[in-house]
Amino acid sequence: MRQFGWMLLLILAVGCSVNSKNNQPQPIITESGESITVFPNYIAIVVPGYELTCLTDPVLSIQTANGWLPLEDFIMQPHYLDDKFNFVVGMCDVVGCNKINHEHPLAIGLPLYQHIGEHKHLFDRTGEIGMLPAYRTVYPTQTVKLDITYFLDDACTKQQTYSTTIDLSK
């Protein structure tokens, strides 16, 4: 009976493992070969080419009455997000021309941040009141537009742009 218990546990573990793999987001393959996978916290895209790291970021936009509005997925300066002050320090030391593939896709983080104006801020060092950009968190659930700058060659000299729309409501 004890041996049967271990076999049952093994069968359950294998079944759970197989089911968890089947629940993973499936890539959308376009006619020209691009691959887009929507995860809960980011979108991964593979285009046939290379990226210039630190200098070419994909742009995700939402449709508004005034056209497509680009959204931020990372803000590198002091700012307000959802009425709270944030100080972010980010840098890139090495710029490189890297192959885009399934192990190293281009990624757009979710949630995104929509610029809503400026917010008054008291600067500690000087005691002055100045203005800082203000953003709000946006979780897009509609059709979004994705514009990607990439390169055809491994020296990142032959620039291309890929644009597509993705329905995030599914």
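**Exercise 1. Find what share of the contacts between residues at least 6 apart in sequence join residues at least 24 apart.**

Step 1. Start with the term: a contact means heavy atoms within 4.5 Å.
Step 2. Take the contacts in the chain between residues at least 6 apart in sequence; 59% of these join residues at least 24 apart.
Step 3. Keep the source in mind as you work: this is a predicted model, in which local features need pLDDT of at least 70 and side-chain atom pairs count only at pLDDT 80 or more, while totals for chains, interfaces and linings use all residues. Residues are numbered from 1 along each chain as its sequence is written, and side-chain values use heavy atoms, with hydrogens and water left out.

**Exercise 2. Describe the largest nonpolar core and two isoleucines, I45 and I166.**

Step 1. A nonpolar core is a set of buried Ala, Val, Leu, Ile, Met, Phe, Trp, Tyr and Cys residues joined through side-chain atoms within 4.5 Å.
Step 2. The largest one has 21 residues, and I43, I45 and L60 touch the most other members. Two or more residues each come from β3 (42–46), β5 (59–64), β10 (106–109), β13 (143–151) and β14 (159–167). Of the elements, β13 gives the most, with four residues.
Step 3. Now look at I45. Leaving aside neighbours within four places in sequence, I45 is in contact with S35, I36, I100, P105, L106, L146, I148 and Y162.
Step 4. Move on to I166, which lies in strand β14. I166 counts as buried because its relative accessible area is 3%. Not counting residues up to four places away in sequence, I166 touches I36, V38, I43, Q142, T143, V144 and L146. I166 and I36 are 130 residues apart along the chain, yet their C-alpha atoms are separated by 8.8 Å.

**Exercise 3. Decide whether I75 is buried or exposed, and list its contacts.**

Step 1. Locate I75 in the loop between β6 (67–71) and β7 (79–81).
Step 2. The relative accessible area of I75 is 6%, so I75 is buried.
Step 3. Beyond the neighbours within four places in sequence, I75 is in contact with V88, Y113 and Y135. I75 and Y113 are 38 residues apart in sequence and 8.3 Å apart in space, C-alpha to C-alpha.

**Exercise 4. Pick out the backbone features at P111, D82 and D83.**

Step 1. P111 lies in the loop between β10 and β11. The peptide bond from L110 to P111 is cis, with omega near 15°.
Step 2. D82 lies in the loop between β7 and β8 (84–86). Phi of D82 is near 50°, a positive value in a residue other than glycine.
Step 3. D83 lies in the loop between β7 and β8, and has a positive phi of about 70° although it is not a glycine.
Step 4. Compare the accessibility. D82 has a relative accessible area of 38%, so D82 is partly exposed. D83, at 64% relative accessibility, counts as exposed.

Terms used:
Buried < 20%, exposed > 50% of the residue type's maximum accessible area, 1.4 Å probe, protein only.
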